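Morning, everyone. I have one structure to show, and I'll keep it short.

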Amino acid sequence: MKILFASSEAHPLIKTGGLADVSGSLPRAILSQRQDIRLVIPAYRQVLERAGNLALAAYLKLDGVPNPVRILSGRLPGGNVKLYLVDSPDHFDRAGNPYTTRAGNEWTDNAERFAVFCRAIHALAVNAAGLDWEPDVVHCNDWQTGLVPAMLADSDTAPASIFTIHNLAYQGQYDWKTFNALGLPPEWWSMDAMEFHNSFSFIKGGLVFADWLTTVSPTYAEEICTSEFGCGLEGLLGHRRNKLTGILNGIDYSEWNPGSDLLVPIQYNRRSLFHKRENKHAILEHFALPRKEDAPLFIIISRLVEQKGIDLVIDILPYLVKQGAQLAVLGSGDKAIETALRKAAREYREHVGIQIGYDETLAHLLEAGGDLLLMPSRFEPCGLNQIYSLRYGTVPVVRSTGGLADTVVDTTPETLEAKTATGFCFQTASTAALWNAVQRAIKQYREPEGWNRIIDTGMRQDFSWKRSAERYIDLYRQVLDG
Ligand code: ADP
Ligand code: GLC
């Protein structure tokens, strides 16, 4: 099959979160199952700097876009996946990240930027770019590609479309004036199309018009059909429930494997776990935290946003410190959360370390040297860090929601005995529930036999892409068969 995979970010070219990890590794897994899959992303400045050799593949004159848009072609570094870049310098060649300025504010022209991206994907999808390649399936991801299924819906000869929801909380919503300026079909401003509470919703284009919907874990697929997690779209999703599948994300063990990870000081595996301690010392040194015998080191690597429940962690800090635990945090995002964490690091100098910013190498070190990962998310479509943690022998403490519920097995006397326990889970998004799980984890940490068993079980789990990639391929086939 010929598949065009469209995403607004892809590791190792550009990344703000897990979407990039998935867009960088899933196409590779699908390619290795001998499917002709090609990736398309915007040619952000950073991408052009990192992409290596590129060739000019096409010039596109797109409706409503004054300057011509170039399609550049190359390969996604680290593999053989063919890459197309949508090069519209007016929209993508700027400093900052894909969605925000360096100061962290949304680009004011995001609607226009991603409408241009969608128009270019559509042109590739219907073979209007002169590339002599016509995909059978277009696989779109998140709101930035949401208009594509709507653009394809009008034509009988167009490829099939799949839309994957990585996070329903980001919808790409704009007012009427912005919609009007995009020059899109006026009938799209309707309840049956992309109008949503008197605004224009990019994600609805995918949800209403795609031939099939997927999301990134079975539990999140259930959750988004309820009002608690549906972000107002639960009615629509419930209506399409028979065309909505949860497929758990895989991870790329060639990047995230403690035995071969060149980004960490000391590599280790299940049999040389004692080396973790040297990586732990490297973390403590990095954060200027003292070495304390017997102090469990909790880590967090996260976008600092409401979703991730970091406020709950801030609430339990006094108790955590009293128990003698330490915490190292790497993240960036919401200014109020950043400030609260900085304050905590000043207050608990010997116990809390914080680095605001994005740092790939430090993320790997934290996984390699941490004792426990904290991920008390309010919702979590899949979550990748807890899966990385399992492989690195860093025991996850998670809220049982979305992909966290699908990947971590709570420690109870029974699961410990059965050697299925891999972490600590709690149900309610409350300080008390988190604290209860953390206490259980610390108690277990101080009982080495059981603790090592939990680590060992976690490190043996296999969340590689193969199975999930096969499920996507089956789904492409099923959709093509009508
Ligand atoms: P989300 O996509 O919601 O942010 P995931 O757990 O799916 O959550 O993926 C997050 C990805 O981003 C992981 O690969 C994680 O290591 C990475 N990440 C998040 N914040 C940072 C940061 N500040 N520095 C480096 N990597 C980060
Ligand atoms: C989103 C979700 C995260 C998921 C990632 C990749 O960013 O927040 O849970 O793992 O997408 O699918």
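I'll go through the ligand site, then a pocket. Keep in mind that this is a predicted model.

Start with ligand 1. The shell around ligand 1 has 21 residues. Which of them come nearest? They are Gly-18, Asp-21, Arg-303, Lys-308 and Gly-357.

Now the polar contacts. Gly-18 uses its backbone: a polar atom there sits 2.6 Å from an oxygen of ligand 1. Arg-303 uses its side chain, with a polar atom 2.6 Å from a ligand oxygen. How much of ligand 1 does the protein cover? On its own, the ligand has 560 Å² of accessible area, and the protein covers 94% of that.

Where does the shell come from? Helix H1 (18–31), strand E13 (297–304), strand E14 (326–333) and helix H14 (385–392) each give two or more residues. E13 has the largest share, with three. Both domain 1 (2–250 + 465–481) and domain 2 (270–459) supply at least three residues. By class, count seven nonpolar, eight polar and six charged residues around the ligand.

Next, the second largest pocket. Its space is about 670 Å³. The lining has 23 residues. Nearest the centre are Arg-277, Lys-280, Asp-371, Tyr-445 and Trp-451. Helix H10 (276–286) and helix H18 (448–460) each supply at least two lining residues. H18 gives the largest share, six. The lining of this pocket divides into 10 charged, nine nonpolar and four polar residues.

That's it from me.

How values were computed. Residues are numbered from 1 along each chain as its sequence is written. Chains are lettered from A and ligands numbered from 1 in the order in which they are written. This is a predicted model: local features need pLDDT of at least 70, side-chain atom pairs count only at pLDDT 80 or more; totals for chains, interfaces and linings use all residues. Side-chain values use heavy atoms; hydrogens and water are left out. A residue is near a molecule or strand if one of its heavy atoms lies within 4 Å of it. A polar contact is a pair of N or O atoms within 3.5 Å; within protein, one must be able to donate a hydrogen and the other to accept it, and residues adjacent in sequence count only if both atoms are side-chain atoms. Accessible areas come from the Shrake-Rupley method with a 1.4 Å probe; for residues, only the protein chains shown count as cover. Helices (H or I, at least four residues) and strands (E, at least two) are DSSP runs, numbered from the N terminus. Ala, Val, Leu, Ile, Met, Phe, Trp, Tyr, Cys and Pro count as nonpolar, Asp, Glu, Lys and Arg as charged, and the others, Gly among them, as polar. Domain bounds come from an automatic or database domain assignment. On a 1 Å grid over the protein atoms alone, a cavity is a set of points where a 1.4 Å probe fits but cannot get out, and a pocket is an open set with protein on both sides within 12 Å along at least five of seven lines; lining residues have an atom within 4 Å of a point. Grid points are joined across faces, edges and corners, and a volume is the space filled by probe spheres set on the points.
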